[in-house]
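Subject: Structure for your files, with notes

Dear colleague,

Here is the structure I said I would pass on. Please look through it first, and then read the notes below it.

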Amino acid sequence: MVCRTCGRQVSNETANFCEYCGTSLRQMDDPFDVYSRRQEEPTTKRSWFGKEIENGKEPVVTFGQWLLLMVVLPLIPAVGPLIYFVVLFILGFGKNVPGTLKNWARVVLLIMLIGFVFFFSIAGQLFQRFSGAI
């Protein structure tokens with residue numbers, strides 16, 4: 001007989017308790033406990049870059065993925081900044097995005113918002129100052 005707790009082989013087939021860990025060998029599983037454990041497991045599968053994410057494990061964002069997001073996307077001529085902004089929005093508020101990447105995208109969006117507000121406030125003040133002189 002094999003113990004369900006420690007996995008060792010028990011030599012006495014009529015034993016009530018495991019001789020190694022002391023767990024009861026005759027106790028049946030509570031059917032409600034098995035049912036509740038089955039309900040706790042999420043049924044949805046998540047994937048990241050085509051790889052399935054295991055439950056409870058955060059996928060690793062590779063160096064190549066970071067390089068693509070931070071360097072290559074903004075450098076695409078004409079549409080690069082717009083695509084970069086859209087990708088940041090998707091990463092910041094998407095479902096199947098790793099937590100580290102989601103937080104990074106939200107921080108970059110916040111920094112971009114602060115930069116735009118600062119730029120347009122300074123540009124507006126300069127425009128008012130120099131338009132009155134003409």
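Overall layout

Please keep in mind that this is a predicted model. The protein contains 4 helices and 2 strands. Read from the N terminus, the order of the elements is α-β-β-α-α-α. Of the 134 residues, 19% are buried. The accessible surface is about 10800 Å², and carbon and sulfur atoms hold 65% of that area. Among contacts with a separation of 6 or more, 26% are between residues 24 or more positions apart.

In soluble globular proteins, nonpolar side chains tend to be buried together. Here the largest nonpolar core has 12 residues, including Val-61, Leu-69, Leu-73, Tyr-84, Leu-88, Trp-104 and Val-108. Helix 3 and helix 4 (99–133) are the elements that each supply two or more residues to this core. Helix 4 contributes the most, with 5 residues. There is also a second, separate core of 5 residues, with Cys-3, Val-10, Ala-15 and Leu-25 among them.

Tyr-84, a member of the largest core, is located in helix 3. Its relative accessible area is 14%, which is under the 20% cut-off, so Tyr-84 counts as buried. Which residues does Tyr-84 touch, if those up to four places away in sequence are not counted? They are Leu-69, Leu-73, Pro-74, Trp-104 and Val-108. Of these, Leu-69, Leu-73, Trp-104 and Val-108 also belong to the largest core. Tyr-84 and Met-70 are 14 residues apart in sequence, and their C-alpha atoms are 8.7 Å apart in space.

Lys-102 is part of helix 4. Is Lys-102 buried or exposed? With a relative accessible area of 18%, Lys-102 is buried. Leaving out residues up to four places away in sequence, Lys-102 touches Leu-91, Gly-92, Gly-94, Lys-95 and Val-97. Leu-91 and Val-97 are also members of the largest nonpolar core.

Aromatic rings

The whole structure holds 4 aromatic pairs. In one of them, the ring centres of Phe-89 and Phe-93 are 5.3 Å apart and the planes meet at 45°, so this pair is tilted. Both residues lie in helix 3 (residues 80–93), 4 residues apart, which is about one turn of the helix. Phe-89 is partly exposed, at 43% relative accessibility, whereas Phe-93 is exposed, with a relative accessible area of 52%. Ring pairs also bring in Phe-85, giving a cluster of Phe-85, Phe-89 and Phe-93.

Surface patch

Regards

Key
Residues numbered from 1 in each chain as written. Predicted model: local features only at pLDDT ≥ 70, side-chain atom pairs only at ≥ 80, totals over all residues. Heavy atoms only, no water. Buried < 20%, exposed > 50% of the residue type's maximum accessible area, 1.4 Å probe, protein only. Contact = heavy atoms within 4.5 Å. Areas by Shrake-Rupley, 256 points an atom, 1.4 Å probe, with all protein chains shown as cover. Phe/Tyr/Trp six-rings, centres within 6.5 Å; stacked < 30°, edge-to-face > 60°. Core = buried A, V, L, I, M, F, W, Y, C linked by side-chain atoms within 4.5 Å.
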